[in-house]
Amino acid sequence: MSTTDAQAQAVSGPAPDTRPVWRRLIGFNLLTAVILGVGGYYLGWFIGHQINTSSFAYEKATDENDVALLLAYAFGVVGFLIGLGFANYPVERFLGKPASLREKEGHGTSRYFGLCTDHKVVGIQYLVGIGLFLFVGAVNAMMIRTELLHDTPTFVGPNQYLTLVGVHGTMMMGIMTSGILGPFANYFVPLMIGARRMAFPRVEALTFWLLMAGGFILASTIFFGGFPTGWTGYEPLNDQAVMGMDSYIIFFALVGISMVLLGLNMIATIITLRAPGLTWSRLPIFVWATFATAVLMVLAAPMLIATLLMSALDRSISTSFFIVGGGGSSFLFQNLFWFFGHPEVYILALPGFGIVLELIPVFVRKPLWGYRLAIAGMLGVSLMSFFVWQHHLFVSGINADLRPFYMLSTEIISVPTGFIFICFMGTLWRGRMSLTVPMLFCLAWAFNFLIGGTSGVVLSDVATDTQLHGSFFVMAHFHYTIVGGLIFSFFAAIYYWVPKMLGLKFNEKLAKWHFWLMFVSFNSTFLPLFALGIMGMPRRVSQYEPHLLGLNIWVSISAFVLGFSMLIFLVNVIYSMVFARVPAEANPWHSKSLEWQVPTPVPVNNFEQIPVIDSDPYDYGTPIPIGAGQTAPAGA
Amino acid sequence: MSSSPAVGPGAPAGQPNHLRRFLTLWLGSSIVALPLVIIFIGPLLGPAGGNSAETSGEITDMKVLVGVATPIILLVMTFLLYAMINFRQEQGSVLEGPAVRGDARVQSLWIVITSVLVLAIAVFGTVRLESESGDGSGSGPKPLTSPSGPKIPVQVIAQQWLFTYRYPTYGGVETTSLVLPVNKEIEFNVTSLDVIHSFWAFQIGVKADANPGVDNIAFSKPTREMEFEVHCAELCGIWHGAMHNEARVVSDTAFESWIGEQRARLAPATKVLPGYSRTYTPEPLRRAE
């Protein structure tokens, strides 16, 4: 099969569409969705303005109408989803018509631009969609660093600056919750467990489109004055903010709903659709990581949705959950938010653990060392993550007597995280490592997450946290865990799996340039931020003391280089996909995992016959001679 | 779990003893690095320790934690380098490594060591926190421990976007600048009139969130006459970055004369202020224009 054929097959799917163009535009598709979305938006806006809101304090004082905007967003999202065709199936079933998986049989490229229940299409949709919003978040970061080139506000005003900070943080923390589960778990979990689809294919598609609707809503905040709270949205500042705050609330609530559905779908798929013989102790470690993350999503995200609902009600109809003057509490929001927010950061970190441990056995040609310990580490981290949230509130004055407990629980969480590290090191030990691009990203993950993790232990101590809380030290810490942990493993996954997903090879020279530039500039950006934090620079300010100027300029320039390294990646994507088009082998890394055993492009139904599994996917390595040791049974 | 040793003794003949070489490298680099880190980096880990009892305490904690972290960081970093140099595959070939799936002894040892380390850090932190009366952190309206002896209460009232300071034992006078007497235990009562702020006196090691309707207490004993900066450390709206002011630690007599002067100058204002209270009912919030 020639390159073009392979590629055409990869993107076009089974049945070419022969209908004329005008006919294709009618029906349930993205165009209809946008039209109904905009229609829904104005309908909500109209209804909101018909409700007599004059009794609510804000609307009296200003001409802002939060009821209208919240309704507009809600109606807009519903219209958008109906336009995509999400209502068809329930309505048809309600009317007694037979069920079908019709969405899966779409036509050609158009499958990628609408409701599609093929998990491989959804995986690609996620990859592109998340890439788009990552780009928006990264551009915001560049603008933040441009502003910080000077110690007084010069480039943008203080209001715009806070909006930049808020959109950057919220976009990254929101969209990247699905950063790995969205593209890679959706695409590869069914392949890894020998299934033909996800358990709930329509729900799978819904999670993606909810996220996309959310991303555009968050970006629309600039039309309503932005929001000043950063990604944490603390009350009562939240309540005081202009209408742009509603964009934040709706965005994060949609992300929450998307997370719950994604998590439920993953849990159901992994429990029910495993191929015969694929016992829990033979499950690829990435599937385990997905499972642990999914549990966190299902348990933590409802708290976020509820909290934001309260926030929205406070803002629109003055319910006063969080308003001290009305009998509410600003502590309540902090508690509820971080009860979600701390599991959330592990929702971001755990998939990275899974990716790295899944990839390194392939590149050192050894079985995963300490498989069960790694699982224990992941499950331990997810369990513990629910018991540490008040370490974000060490200096807040909220029940200070409990601080020793949260100090202990926070420090204990580094024990299961340590399991991941010993498994990582054990797998590398005496292996035969190939320094391919995905492997480089995995090694960089270990380097970065180590710094992120140990700086977290420094922050877990109340005395040191007293100085470092709310400073750039914290900011450096969580960028090391999230960029250094999640984004590096995200790129490892891209370089590792793209040959299967697209049937194409990425240019390796450009990929190596991307890696080295990204690794060096990432560290050169965020290491000095630890120092800035220790020197007393608070987060989220656009003006600071003049003696911090030099380091800030250094950081900004490094950040620009980091941004440039992302451009190299983009160039590589365009070059490899449009110009070079080098076809990839079916299994270029000689992996023994199930997803590499299917042909490229992956057939619509994945497997002609559901495979029967008789070992775990880490059957690498030569048995060592008798006397020097022996191979253990699978899963040891 | 396999009993096969993953490291060391399993090495085929003719290969160097990687375990011994790696451990030597790690221990060697740790022994060299640890004193260097504590001596040279330690003092840089915060404001000068002599500023107040709290900054000294924080620096001690910081040094201990960084001291514990150094060998751990070196362990992984040395390992990464060692593995990248020694455990390589020739380019293009796909030779298999040893099929070792784990080692119960190494794993158990790792679990025990990390657990003991973590528990030790937690116990250390707890003892320090309670014996140092919160180490300058905002400890809520009823701190578990408080320093013995007399304390000068200073109320910090945060609002968008400035701090004011009220001295209840000096007639409840409210000033816009913070002046403290040296070598006296200060009790900061931090509260807010609108959104959440955070009172951060970096050089004297104090940080306490200012919440509306909450009296958040932090202690500090400045031990040196100096000027310092107060910053807001919790995002509080558009002028958050501009919410800072100068403050001073002065001698006892200078403080007494300063506060006397303020009381006389501000007497007309003090009269119309609401009476001193641990918290103030916030006004209903208004939206920014």
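In this predicted model, the largest nonpolar core has 270 residues, and the residues with the most contacts inside this core are A:Ala374, A:Ala492 and B:Phe199. The element that gives the most to the core is helix H20 of chain A, which covers residues 472-502 and supplies 23 residues. For A:Ala492, when residues up to four places away in sequence are left out of the count, the residues touched are A:Ile355, A:Val356, A:Leu359, A:Pro438, A:Phe441, A:Cys442 and A:Trp445.

Between the two chains, 91 residues of chain A are in contact with 90 residues of chain B. On the side of chain A that touches chain B, the most is given by helix H17 (residues 414-428), with 8 residues. Sorted by class, this side of chain A holds 49 nonpolar residues, together with 31 polar and 11 charged ones.

The secondary structure of chain B consists of 4 helices and 10 strands, and these elements follow the pattern α-α-α-β-β-β-β-β-β-β-β-β-β-α when read along the sequence. Chain B is more spread out than a compact globule, because its radius of gyration, 27 Å, is well over the 19 Å that the globule rule gives for 289 residues. The C-alpha trace of chain B spans about 90 × 45 × 35 Å along its principal axes. Of the 289 residues in chain B, 42% are buried. Among the contacts in chain B that link residues at least 6 apart in sequence, 70% join residues at least 24 apart.

Conventions: Residues are numbered from 1 along each chain as its sequence is written. Chains are lettered from A and ligands numbered from 1 in the order in which they are written. This is a predicted model: local features need pLDDT of at least 70, side-chain atom pairs count only at pLDDT 80 or more; totals for chains, interfaces and linings use all residues. Two residues are in contact if their C-beta atoms, placed from the backbone, lie within 7 Å. Helices (H or I, at least four residues) and strands (E, at least two) are DSSP runs, numbered from the N terminus. Ala, Val, Leu, Ile, Met, Phe, Trp, Tyr, Cys and Pro count as nonpolar, Asp, Glu, Lys and Arg as charged, and the others, Gly among them, as polar. The radius of gyration is taken over C-alpha atoms; the globule rule is 2.2 Å times the number of residues to the power 0.38. A residue is buried if 20 or more other C-beta atoms lie within 10 Å of its own, exposed if 12 or fewer, and partly exposed in between; C-beta atoms are placed from the backbone. A nonpolar core is a set of buried Ala, Val, Leu, Ile, Met, Phe, Trp, Tyr and Cys residues joined through C-beta atoms within 7 Å.
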